[in-house]
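Good morning, everyone. Please have a look at the structure on the screen, and then I will walk you through it.

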Amino acid sequence: IAIIPNGVDCHPELSRRLIANRAKRRDLGKRKVLFLGRLHQKKGLIHLIKAWSTLSVELRSNWELDIVGWDDGDFEPMLRRAIAEHGVADSVNIKGPAFGEQKSQTFADSDVFILPSYSEGLPMAVLEAWSFGIPTIITPDCNLPIGIRECASLEVLARPEEIFSGLHQMLTMPAAERARMGSRGLDLVCEKFAWDSVATELIGCYSWLMDGGVAPSCVLFE
């Protein structure tokens, strides 16, 4: 079995500028927590809304939660009801899907990324968030423990109280520490998940299949 990750575009010079801007900006409006992905029950969005509602009013006055993605299976009405029932419509925005340059700008404008999912393979949105130097909050079900090991992410279980804890920790930490987390995520994605790295692994795997020799590290034997 050869395990080779999906690849993402890596733009370190742009992302370094974004990281610096996030760390030093002061009163340019609310900072943003971003969820980007399809709107589906398994993404943990109802738990995210519950967790968001338990943050202090003072903290929510300085932050807003942007939910970006397309509705899968008529889940959006349930999500909107949860937002209304928990009284957070003033700080939670459902923005619909974003693609291409609009998606890139959405990442560039965000300060924190969160994916409180119950089930993922390899979530591309987390890799994309890292590529923009954004610190992330993820669950074990995102299957990216390397982000926790490299201190690019906070890990929470897909439960409201756990998500609240992760949000509170991330949103109250100094901006400089979030910037350091974002830098570590950028370094990680450029090393492990950029297209050059992925292509090198694929070429190494096919070369071994054709020519033999020592198996590359991406190949596992049972």
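Let me start with helix H2. Its buried residues are Leu 45, Ile 46, His 47, Leu 48, Ile 49, Ala 51 and Trp 52. Buried means under 20% relative accessible area, exposed means over 50%, and partly exposed is in between, with a 1.4 Å probe and protein chains only. Seven of the 10 residues of H2 are buried, so the rest of the structure largely encloses this helix. Helices (H or I, at least four residues) and strands (E, at least two) are DSSP runs, numbered from the N terminus.

A word on the source. This is a predicted model, where local features need pLDDT of at least 70, side-chain atom pairs count only at pLDDT 80 or more, and totals for chains, interfaces and linings use all residues. Residues are numbered from 1 along each chain as its sequence is written, and side-chain values use heavy atoms, leaving out hydrogens and water.

Now, what does H2 lie across? H2, residues 45–54, lies across strand E1 (31–36), strand E2 (63–68), E3 and strand E4 (112–115). Contact here means heavy atoms within 4.5 Å. H2 runs at about 170 degrees to E2. Axes are lines fitted to C-alpha atoms, for helices over the stretch in contact, and angles run from 0 to 180 degrees between N-to-C directions. Helix H8, residues 160–172, packs on the sheet too, touching E1, E2, E4, E5 and E6. The direction of H8 makes about 165 degrees with that of E5.

On to the sheet. In which order do its strands come? The order is E3-E2-E1-E4-E5-E6, six strands in an open sheet with parallel pairing. Two strands pair if DSSP finds at least two bridges between them. Strand E3 (92–96) and strand E6 (153–155) are the edges, each pairing on one side only. Neighbouring strands are turned by 25 degrees against each other on average, direction ignored.

Let us go through some pairs. E1 and E2 are parallel, with six bridges. Arg 31 stands opposite Trp 63 in E2. Four bridges join E2 to E3. Ile 67 has Ile 94 in E3 as its bridge partner, and Val 68 has Gly 96. At the other end, E5 (residues 136–138) and E6 pair over three bridges. There, Ile 138 faces Glu 155 in E6.

Is E2 covered or uncovered? Mostly covered: six of its six residues are buried. Trp 63, Leu 65 and Ile 67 point one way, and Glu 64, Asp 66 and Val 68 the other. In E3, Val 92, Ile 94 and Gly 96 make a covered face, while Asn 93 and Lys 95 make an uncovered one.

How many cavities of 30 Å³ or more does a search of the whole structure find? One. On a 1 Å grid over the protein atoms alone, a cavity is a set of points where a 1.4 Å probe fits but cannot get out; lining residues have an atom within 4 Å of a point. Grid points are joined across faces, edges and corners, and a volume is the space filled by probe spheres set on the points. Arg 31 is among the lining residues, as are Ile 19, Asp 111 and Arg 178. Helix H1 (12–24) and helix H9 (175–192) each supply at least two lining residues.

Definitions and conventions. On a 1 Å grid over the protein atoms alone, a cavity is a set of points where a 1.4 Å probe fits but cannot get out, and a pocket is an open set with protein on both sides within 12 Å along at least five of seven lines; lining residues have an atom within 4 Å of a point.
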